[in-house]
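Please examine the structure shown below. The report that follows describes its helix, its sheet, its core and several individual residues.

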Amino acid sequence: MTALIYIDPLAIHPVIDGTWHRARLTAIPEPGQGITMLCGATGAAAFEPLERRRDHGAPTTCFECEAVYMREHGMPVPTSHPGFKARPIRRRP
Ligand SMILES: [Zn+2]
């Protein structure tokens with residue numbers, strides 16, 4: 001019998017060196033699978049229980065990922081935003 005655990009891929013915010021990022025995930029990555037963040041950072045997927053997220057201090061926000069995410073969702077990025085200069089989204093025509 002299968003015990004399904006439902007996870008929202010949009011709620012996955014990978015942490016690299018104490019900074020949490022956003023990625024365009026449509027499914028849960030396999031352990032070790034390479035993930036590219038919205039800001040271009042890359043890392044291999046690894047999993048830990050949520051309670052360990054702050055073992056080395058609270059992760060900080062990747063403002064470049066945040067700016068890209070805001071643009072993708074039609075939210076204006078204020079010029080005062082730390083990620084304002086993040087590269088624009090490259091959309092296919
Ligand atoms: Zn990022």
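The cover over the buried residues of helix α1 includes β5 (60–61). Helices (H or I, at least four residues) and strands (E, at least two) are DSSP runs, numbered from the N terminus. A residue is buried if 20 or more other C-beta atoms lie within 10 Å of its own, exposed if 12 or fewer, and partly exposed in between, with C-beta atoms placed from the backbone. In helix α1 (residues 63–72), the buried residues are Glu64, Cys65, Glu66, Ala67, Val68 and Tyr69. Just after α1 comes Gly74, which takes a positive phi of about 75°.

This is a predicted model, in which local features need pLDDT of at least 70 and side-chain atom pairs count only at pLDDT 80 or more, while totals for chains, interfaces and linings use all residues. Residues are numbered from 1 along each chain as its sequence is written. The term pLDDT denotes the predictor's confidence in each residue, from 0 to 100. For the protein, the mean pLDDT is 90, and 92% of the residues reach 70 or more. Confidence is lowest in α1, at a mean of 94, and highest in strand β4 (residues 42–44), at 97.

**Overall layout**

The protein has one helix and five strands, and along the sequence these follow the pattern β-β-β-β-β-α. Its C-alpha atoms fill a box of roughly 50 × 35 × 20 Å, taken along the principal axes. Of the 93 residues, 16% count as buried. Two residues are in contact if their C-beta atoms, placed from the backbone, lie within 7 Å. Among contacts between residues at least 6 apart in sequence, 31% join residues at least 24 apart.

**The sheet**

Strands of a sheet pair through backbone hydrogen bonds, either parallel or antiparallel. Here two strands are said to pair if DSSP finds at least two bridges between them. An open sheet is formed by three strands in the order β1-β2-β5, with mixed pairing. Because β1 and β5 stand at the edges, each with a single partner strand, one side of each is left without a neighbour in the sheet. The pairing of β1 and β2 is antiparallel and runs over two bridges; the bridge partner of Ile16 in β2 is Thr19.

The loop between β1 (15–16) and β2 (19–20) contains Asp17. Although Asp17 is not a glycine, it has a positive phi of about 50°. Asp17 is exposed, because 9 other C-beta atoms lie within 10 Å.

Strand β5 contains Thr61. This residue is partly exposed, with 14 other C-beta atoms within 10 Å. Leaving aside neighbours within four places in sequence, Thr61 is in contact with Trp20 and Glu66.

**The nonpolar core**

A nonpolar core is a set of buried Ala, Val, Leu, Ile, Met, Phe, Trp, Tyr and Cys residues joined through C-beta atoms within 7 Å. Which residues form the largest nonpolar core? It has 10 residues: Ala23, Met37, Leu38, Cys39, Cys62, Cys65, Ala67, Val68, Tyr69 and Ala86.

Apart from neighbours within four places in sequence, Met37 is in contact with Pro14, His21, Arg22, Ala23, Cys62 and Cys65. Tyr69 is located in helix α1 and is buried, since 21 other C-beta atoms lie within 10 Å. Again leaving aside neighbours within four places in sequence, Tyr69 is in contact with Arg22 and Leu38.

**Exposed positions and separations**

Why does Ile7 count as exposed? Ile7 has 10 other C-beta atoms within 10 Å and is therefore exposed; it is found in the segment before β1. His56 is placed in the loop between β4 and β5. With 10 C-beta neighbours inside 10 Å, His56 also counts as exposed.

| Pair | Separation along the chain | C-alpha to C-alpha distance |
|---|---|---|
| Ile7 and Ala27 | 20 residues | 8.8 Å |
| Thr61 and Arg22 | 39 residues | 9.5 Å |
| Tyr69 and Arg53 | 16 residues | 22 Å |
| His56 and Ala23 | 33 residues | 22 Å |
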